[in-house]
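Dear colleague,

Please find below the structure that I am handing over to you. My notes on what was found in it follow directly after.

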Amino acid sequence: MHRPDLADAVLAGDRRALARAITLVESGRADHRAEAVKLLERLAKSGRQALRIGLSGTPGVGKSTFIEAFGLMLTGQGLRVAVLAVDPSSARSGGSILGDKTRMERLSRDPLAFIRPSPSQAQLGGVARRTREAVALCEAAGFDVVLIETVGVGQSETLVAEMTDLFVLLLAPAGGDELQGVKRGIMEIADLILVNKADGDLKPAALRTLSDYAGALRLLRRRAQDPESFPKALPVSAQDGTGLAAAWAEMQTLARWRRENGHLAARRAEQARHWFEAEVRTGLLARLTTDPEAREALARLGDAVAEGRATPAAAAAEMLARLG
Ligand SMILES: Nc1nc2c(ncn2[C@@H]2O[C@H](COP(=O)(O)OP(=O)(O)OP(=O)(O)O)[C@@H](O)[C@H]2O)c(=O)[nH]1
Ligand SMILES: [Mg+2]
């Protein structure tokens, strides 16, 4: 499909066109990148915005089950829901795509939903760019809610928090001191902690875990711009649907508050600046490794430094001037 037609099709909400557009932004080819940049620029004019929700949780807590149930609840209200994944590990296992197709079977067939699994790109930086741009594409396509799922691996939660309006941490019931298992940094970026599997035999353990985390959240310093009660912890069951409506109500309350007080726009502006700078850094680094002249200069100046003919400082200044 020719690019202007692709843009129109995305704007019309065509899911196949959206999938193709995401493939375009994922491409590593230089000519595709140029096209992707133009496409994103054109689509940005639509000014459409979705509520961007980050969702993190370790393997097995029930993310896929939650997204299926939560997503269906939202589409049941007539909302259009896109699901994207940031999962650097899927490049290795290749398994999560298959798992998600079965766990999110009904949602993936829902005409109001769009599900895009992780790209087969191991590098987190590449995954981040692709996801950020995919969010922009989903917004242009008229989605109301964009859910970005990540497994708690390394830096992926921070990446997702840096591209979303709200961050939700999903936990499973645990006996004893699982608190230590959740890194403090993740607790600090969470707006909402949902303790899943609060059903059947697991319910008492879920409620204990909930009160542990509610206590831990009270000890964290509240973000000055948020309402008194946030961040907060709630019990849910992705399996039987308990608490999902309450969780959505909390997300909407917080989003509304942040929107009305200008914090949402400020956060997005800050995120846009961050990603612009990240893109520049990535581009500069890429030139060091792909541009033959830059590589040659790097090797030559490196030799000069190694042989004592130039100081590291002077050689670096010369190298940077060449890149500038
Ligand atoms: N009892 C109970 N089990 C649940 C619930 N949600 C998920 N499960 C079960 O927990 C297991 C893992 O669920 P998934 O949804 O695949 O978890 P996930 O977080 O997506 O796992 P990964 O994709 O491997 O990271 C499955 O056996 C689910 O049936 C729940 O609310 N209650
Ligand atoms: Mg899953």
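**Proline 231 and its surroundings**

Proline 231 counts as buried, because it has 24 C-beta neighbours inside 10 Å. Here a residue is buried if 20 or more other C-beta atoms lie within 10 Å of its own, exposed if 12 or fewer, and partly exposed in between, with C-beta atoms placed from the backbone. Please note that this is a predicted model, in which local features need pLDDT of at least 70 and side-chain atom pairs count only at pLDDT 80 or more, while totals for chains, interfaces and linings use all residues. Residues are numbered from 1 along each chain as its sequence is written, and chains are lettered from A and ligands numbered from 1 in the order in which they are written.

Proline 231 is located in the loop between α11 and β7. Helices (H or I, at least four residues) and strands (E, at least two) are DSSP runs, numbered from the N terminus. The peptide bond that joins phenylalanine 230 to proline 231 is cis, with omega about -5°. Leaving out residues up to four places away in sequence, proline 231 touches Ala190, Asp191, Leu192, Ile193 and Leu217; two residues are in contact if their C-beta atoms, placed from the backbone, lie within 7 Å. Leucine 217 is 14 residues from proline 231 along the chain, and their C-alpha atoms are separated by 6.8 Å. Glutamate 188 is 43 residues from proline 231 in sequence and 8.8 Å away in space, C-alpha to C-alpha. Glutamate 188 belongs to helix α10 (residues 184-189) and is partly exposed, with 14 other C-beta atoms within 10 Å.

Helix α11 (residues 203-219) has 17 residues and reaches 25 Å from its first C-alpha to its last, close to the 24 Å expected at 1.5 Å a residue. The expected span is 1.5 Å times one less than the number of residues. Which residues of α11 are buried? They are Ala206, Thr209, Leu210 and Tyr213. These residues lie on the same side of α11 because they cover an arc of only 105° around the axis, the arc being that of the directions from the helix axis to the C-beta atoms. The buried residues of α11 pack against β5 (166-171), β6 (192-195) and β7 (232-235). On the other side of α11, Pro204, Ser211, Gly215, Arg218 and Leu219 are exposed.

Lysine 197 is placed in the loop between β6 and α11. Its phi is near 65°, a positive value in a residue other than glycine. Lysine 197 counts as buried, because it has 25 C-beta neighbours inside 10 Å.

**The ligand and helix α4**

The shell around ligand 1 holds 20 residues, of which Gly62, Lys63, Ser64, Thr65 and Gln239 come nearest. A residue is near a molecule if its C-beta atom, placed from the backbone, lies within 6 Å of it. The elements that give two or more residues to this shell are α4 (63-76) and α6 (95-103). By type, the shell around ligand 1 divides into five nonpolar, eleven polar and four charged residues; Ala, Val, Leu, Ile, Met, Phe, Trp, Tyr, Cys and Pro count as nonpolar, Asp, Glu, Lys and Arg as charged, and the others, Gly among them, as polar.

Helix α4 has 14 residues and reaches 19 Å from its first C-alpha to its last, close to the expected 20 Å. Among the buried residues of α4 are Lys63 and Ser64. After α4 comes glycine 78, with a positive phi near 90°.

**The core and the chain as a whole**

The largest nonpolar core has 72 residues, and Val10, Ala21, Leu137, Cys138 and Val168 touch the most other members. Such a core is a set of buried Ala, Val, Leu, Ile, Met, Phe, Trp, Tyr and Cys residues joined through C-beta atoms within 7 Å. Helix α8 (residues 124-140) gives the most to this core, with seven residues. Apart from neighbours within four places in sequence, valine 168 is in contact with Ile53, Gly54, Leu55, Ala190, Asp191, Leu192 and Leu194.

The protein chain has 15 helices and seven strands. Of its 324 residues, 36% count as buried.

With kind regards
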